[in-house]
Amino acid sequence: MSITYLEAIREAQARALAEDSRVFIYGQDVGVFGGAFKATKNLAQQFPGRVLDAPISEDAIVGLAVGAAIEGMRPIVEMQFADFSTVAFNQIVNQAATLYWRTNVPCPITIRLPSGGTLGGGPFHSQTMEAIYAHYPGLIVMTPATVEDAYTMLLDAVAIDDPVVFCEHKYLYYHLKADRLPAEAMPVGKARIARPGRDLTIVTYSAMLHESLAVAEEMASERIEIEVVDLRTVKPLDTDTVMASVARTGRLLCVGESWPWGGVCAEVIARVASEGFALLDAPPQRLNAKDTPVPYHPNLWAGHRPTADSIAAAVRNLISL
Amino acid sequence: MAQSMLGPNPAEQINFAKETLVSAYRHMLVARVLDDKLASLYRAGKIHGGVFLGRGQEALSAAVGISLNRGDIFAPLIRDAAGRLAFGEALLDSVRTYLGSRLGPMRGRDGNIHRGRPRDGLLPMISHLGAMISVVNGVLIAHRFKGVQGRVGAACMGDGASSTGSFHEAINQAAVERLPLVLVVANNQYAYSTPNCRQFACDTLVEKAAGYGAQGHSVDGTDLIACLNVVSRAIRLAREGGGPQFVVASLLRLCGHGEHDDATYVDAGMKASEGGRDCLKVAEAQLTSNGIASLSLLDQWRAAAVDSVEQAVARVQREPAPDAREEDWRAISASHLCEGQLP
């Protein structure tokens with residue numbers, strides 16, 4: 001018996017629907033069809049009237065979720081692809097994210113963003129949007145990297161009284177498996193030491209966790225012990241755990257699949273440089289995707305985003321500094 | 001000509017209680033007096049940010065507000081002081097938000113027309129006004145989930161908002177879900193300075209209703225009796241399960257987009273035409289010619305309106321402003337997930 005990252009997301013939604021009558025799911029093709037990735041498979045049948053197909057209207061989808069939340073519901077919105085959330089951007093950052101601050105009325109909505117690159121995804125089906133949403137006050141941004149986190153953090157997202165942008169990684173949907181669903185969860189907003197080490201800290205999240213762990217494994221044979229920190233949520237960002245790790249290792253590499261400019265890696269480095277400069281034995285480094293749209297062809301895609309090879313090269317460079 | 005402009009339409013039936021007409025008019029009057037006061041406070045430099053008035057749009061606005069019931073949803077546009085009052089918004093909420101009192105519903109965090117009380121059905125607009133329609137849809141669908149029946153939601157827009165993508169998405173969404181949405185467009189001929197001919201190319205906006213599967217209604221927005229008849233009918237149809245209703249009112253904004261705008265672009269012929277008449281004067285003529293109010297009673301009502309506005313302003317001017325040192329600077333309700341102030 002094993003469960004995939006995608007199944008964990010489905011199971012979390014099934015549990016949320018079963019346990020809380022305020023929860024409903026709204027998005028394109030999420031109904032009887034079960035969603036483009038089948039993240040809502042059988043939920044419409046299991047929970048009649050609570051899993052609703054939406055017109056192709058991302059703006060109105062999120063607007064409706066905000067209105068329903070004002071009236072006490074707990075909507076889960078599925079964007080078919082994270083990339084399409086740009087159409088809903090206004091509703092997310094101006095409507096949902098400002099409501100509590102302006103009115104004292106919370107806005108408990110969960111917006112699921114199937115994120116990140118997959119083979120052949122191309123420019124408009126591959127984006128990672130966590131940095132742009134984290135930039136805006138009023139949003140919580142989750143980036144689960146494991147089956148366990150996908151399950152428990154989605155349940156957390158539904159329970160939290162604020163708008164949560166839930167960045168689930170499509171590359172992990174089918175490959176990543178766990179033996180069973182977790183019985184316990186780490187607290188929201190707490191980063192996790194995914195692998196302890198003493199020589200260098202890699203701070204990462206989402207699918208890049210697995211590339212980074214592979215590198216750490218490989219480097220261990222070269223007697224380089226890498227500590228890997230999985231941020232889990234990029235907002236709030238667990239600066240304390242990052243700082244404590246850098247205090248142990250003295251070297252920081254941030255790895256993200258997103259574009260470099262003004263991103264999560266840039267934020268982590270800024271915090272460590274300004275608050276923990278004395279902890280560093282070498283300049284903090286970051287590794288991101290290239291500053292171009294995400295390419296379609298696998299050969300180009302492999303050169304666009306960080307991979308185990310490019311991460312390993314960055315680690316060797318940083319160790320040599 | 002002047003007589004026909006201001007006189008009642010003899011064929012016009014009053015399909016509602018006369019008290020409703022009186023009440024709607026008195027809300028219009030308070031809104032007009034409030035607008036005049038806000039304009040003078042703006043000129044005196046007493047208001048931070050812009051001032052956006054509803055002159056010329058009060059009849060439609062009041063008709064919407066007064067035709068809604070407690071428990072209904074109202075997402076006003078920026079010129080809906082009359083409708084807000086008719087819906088039940090306290091005059092103090094408006095004055096406090098304009099003057100930045102910390103005691104107002106927005107506590108100085110937002111200002112002027114960006115105010116509301118979501119839990120009371122009065123939604124606080126964001127500036128991208130078309131985006132409010134789907135939020136109304138969301139409250140209405142929540143009513144459906146909760147088994148709450150007989151409630152409607154009104155979203156008010158201008159002609160400019162009808163060109164936005166969110167307007168299109170939301171009215172289509174309401175039609176697909178057959179929600180009791182009443183979408184009211186006050187076509188005041190200009191979106192800021194842009195005239196109708198640069199905004200849309202159909203003959204009248206109401207033609208769009210059929211394309212969405214909504215029921216369309218047109219009304220002379222300067223005529224209070226007509227507005228009450230048409231808006232209350234649209235709201236009733238929505239309440240009875242008729243799906244989304246689309247009301248388009250023709251009128252002219254008798255002020256600038258905001259008080260910073262002298263509106264020199266407004267066509268002089270349009271201002272002199274019947275469509276440019278002042279709905280407040282039309283309503284007064286309707287009240288007197290129908291024997292509902294005498295001129296002296298109108299004077300009494302005006303004095304009462306002035307008194308209430310002056311009292312509200314005097315009170316709010318003594319209230320404390322927000323204090324940055326006392327702000328918690330927290331944009332989310334889950335305080336344990338707030339990063340707080342970064343260094």
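In strand E13 of chain A, A:Leu252 is the bridge partner of A:Thr201. This is a predicted model: local features need pLDDT of at least 70, side-chain atom pairs count only at pLDDT 80 or more, and totals for chains, interfaces and linings use all residues. Residues are numbered from 1 along each chain as its sequence is written, while chains are lettered from A and ligands numbered from 1 in the order in which they are written.

E13(A) covers residues 252-255. Helices (H or I, at least four residues) and strands (E, at least two) are DSSP runs, numbered from the N terminus. E13(A) pairs with strand E10 (residues 200-204) of chain A in the parallel sense, over 3 bridges. Pairing requires that DSSP finds at least two bridges between two strands. E13(A) also runs parallel to strand E14 (residues 285-287) of chain A, joined by 3 bridges. There, A:Gln285 in E14(A) is the bridge partner of A:Leu253.

Which residues cover the two faces of E13(A)? A:Leu252 and A:Cys254 lie on one side, A:Leu253 and A:Val255 on the other, and all are buried. Buried means 20 or more other C-beta atoms within 10 Å of a residue's own; exposed means 12 or fewer, partly exposed is in between, and C-beta atoms are placed from the backbone. E13(A), H9(A) and E14(A) form a right-handed β-α-β unit. Right-handed means that, with the strands pointing away from the viewer, the path from the first strand over the helix to the second runs clockwise.

## Chain A as a whole

Chain A has 11 helices and 14 strands. Its C-alpha atoms fill a box of roughly 60 × 40 × 40 Å along the principal axes. For 321 residues, a compact globule would have a radius of gyration near 20 Å; chain A has 19 Å, which agrees. The radius is taken over C-alpha atoms, and the globule rule is 2.2 Å times the number of residues to the power 0.38.

Of the 321 residues in chain A, 57% are buried. Among contacts between residues at least 6 apart in sequence, 79% join residues at least 24 apart. A contact means C-beta atoms, placed from the backbone, within 7 Å.

## Where the chains meet

37 residues of chain A are in contact with 34 residues of chain B. On the chain A side, the elements giving two or more residues are helix H3 (58-70), helix H4 (89-103) and helix H9 (264-275). H3(A) gives the largest share, 9 residues.

By class, this side of chain A has 19 nonpolar, 12 polar and 6 charged residues. Ala, Val, Leu, Ile, Met, Phe, Trp, Tyr, Cys and Pro count as nonpolar, Asp, Glu, Lys and Arg as charged, and the others, Gly among them, as polar.

The 16 residues of H9(B) (residues 224-239) should span 22 Å at 1.5 Å a residue; the end C-alpha atoms are 22 Å apart, which agrees. The expected span is 1.5 Å times one less than the number of residues. Buried residues of H9(B) include B:Leu224, B:Ile225 and B:Val230. The buried residues pack against elements of chain B including helix H2 (18-43) and strand E3 (181-187). Just after H9(B), B:Gly241 takes a positive phi of about 100°.

H2(B) has 26 residues and should span 38 Å; its end C-alpha atoms are 38 Å apart, which agrees. Just after H2(B), B:Gly45 takes a positive phi of about 75°.

## A loop residue in chain B

B:Ala263 sits in the loop between E7 and helix H10 (268-272) of chain B. Why does B:Ala263 count as partly exposed? Because it has 15 C-beta neighbours inside 10 Å.

Methods. Two residues are in contact if their C-beta atoms, placed from the backbone, lie within 7 Å.
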